[in-house]
Amino acid sequence: MTPSFGYWLLMYAAVAIIALIVLIARYRLNPFIVITLISIGLALVAGMPPSAVVGAYEAGVGKTLGHIALVVALGTMLGKMMAESGGAEQMARTLIAKFGEKNAHWAMVCIAFLVGLPLFFEVGFVLLVPIAFTVARRVGVSILMVGLPMVAGLSVVHALVPPHPAAMLAVQAYQASVGQTLLYAIAIGIPTAIIAGPLYAKFIVPRIQLPADNPLEKQFLDREPRDKLPGFGITMATILLPVVLMLMGGWANLISTPGSGFNQFLLFIGNSVIALLLATLLSFWTLGIAQGFNRESILKFTNECLAPTASITLLVGAGGGLNRILVDAGVTDQIVGLAHEFHLSPLIMGWLFAALMRVATGSATVAMTTASGVVAPVAIGLGYPHPELLVLATGAGSVIFSHVNDGGFWLIKEYFNMTVAQTFKTWTVLETLISLVAFGLTVGLSYLL
């Protein structure tokens, strides 16, 4: 590929993403159709063989949906059981009692920070969103007032804090110390989550007018009030089961001999889908039968909660298809080349490269793993003394500017019932704030060290 064609390729990708945003936000065309058409058009213009285009798009959709569809379905069922049993109400009451009504948004950022540790963003989101809706209803505020701090907490942990899977991959690539990375990540992550979550929510929420009717909110809140609510302890145990199982899966090689039967068992139950499946099955007892519901009621709850998630799942899949086209068309390779062309310090290189990959592919995990894989040999060759800071800089870059090729963008948009423009003003700005604040604090820490 000639250098001039490489620059044209980046231009085509930029035009495609701008066209997507304009067609969906300005002209209100169906997002799934628009993403599919733009992805195919970009692939053809970029010179991919026509016979390979649809296959690449389908592969991207399939790979994304293979994980997300299962996570959204199981998480929504678990959320529905929490809502119908009154477990979410119990959690909301306890959090409000502990923090006070005025501080509900602080409660949500704290619980998201803790619950999100071993969970991928989407898993943490579907687990916590019923509590967010319930807290918002009880306190009488917009869902964004508690929802944005919640997603800020989840996103900060996703990007920065081991033992989160993405952060752990970067720790391994940079040969960093897990303990030191964890210490620095918490020192940087807490102020970052506060600025991007509760503080930014206070600023932006009064400027965002949401529709009165939210179908997803309805399914969690519109139910018969219950006299007897499940205990806080049993509700917490049910929601924390997948968190504990995933932590055990993440630590499987420390707890047991790699390759042994027990090791394989820990890895199996620590898989996000299996962990969520076991928690959902547990909820049928703890939040279902033990609360007086019969099997017919539980079947009804689990069937009716899936319909509103169909459009979300399709949109997330379409984002995965666009992601795959950008990779297969060679856009990501061009970004790698550009990063090598400008000789930057490893710290800036880690952040910038992850940021470019994030904008191109939409996936924070892909951005973090690809960037650390490219930057690690350079940093090790230069003898950079603080590999832990490289993990944080790369993680910070990996969450910048979430837009239409990111599954998380559509998840937030649909659950909170926003327009595309409103999602950019809230979620995209929040993610960019996390990236810039965390990187700024990391650079400051590098001077102190």
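Reply: For what follows, Ala, Val, Leu, Ile, Met, Phe, Trp, Tyr, Cys and Pro count as nonpolar, Asp, Glu, Lys and Arg as charged, and the others, Gly among them, as polar. The model is predicted.

Me: How do the residues of the lining of the second largest pocket divide into nonpolar, polar and charged?

Reply: This pocket has a volume of about 230 Å³ and is lined by 15 residues. Leu-95, Ile-111, Leu-114, Phe-232 and Met-236 lie nearest its centre. By class, the lining holds 13 nonpolar residues, one polar and one charged.

Me: Which elements give two or more residues to the lining of the second largest pocket?

Reply: Leu-95, Ile-111 and Phe-232 are among the residues nearest the pocket centre. The elements giving two or more lining residues are α4 (87-99), α5 (104-115) and α11 (232-250).

Me: At what angle do α5 and helix α9 pack?

Reply: Residues of α5 including Trp-106 and Phe-113 meet residues of α9, among them Ile-190 and Pro-198. By class, this contact has seven nonpolar, two polar and one charged residues. The crossing is right-handed. The axes are 10 Å apart, and the angle is about 145°.

Definitions and conventions: Residues numbered from 1 in each chain as written. Predicted model: local features only at pLDDT ≥ 70, side-chain atom pairs only at ≥ 80, totals over all residues. Heavy atoms only, no water. 1 Å grid on protein atoms, 1.4 Å probe; cavity = no way out; pocket = protein on both sides within 12 Å on 5 of 7 lines; lining within 4 Å. Points joined across faces, edges and corners; volume = space filled by probe spheres on them. Helix = DSSP H or I, 4+ residues; strand = E, 2+ residues; numbered from the N terminus. Axes fitted to C-alpha atoms, helices over the stretch in contact; angles between N-to-C directions. Left-handed = near helix turned anticlockwise from the far one by under 90°. Contact = heavy atoms within 4.5 Å.
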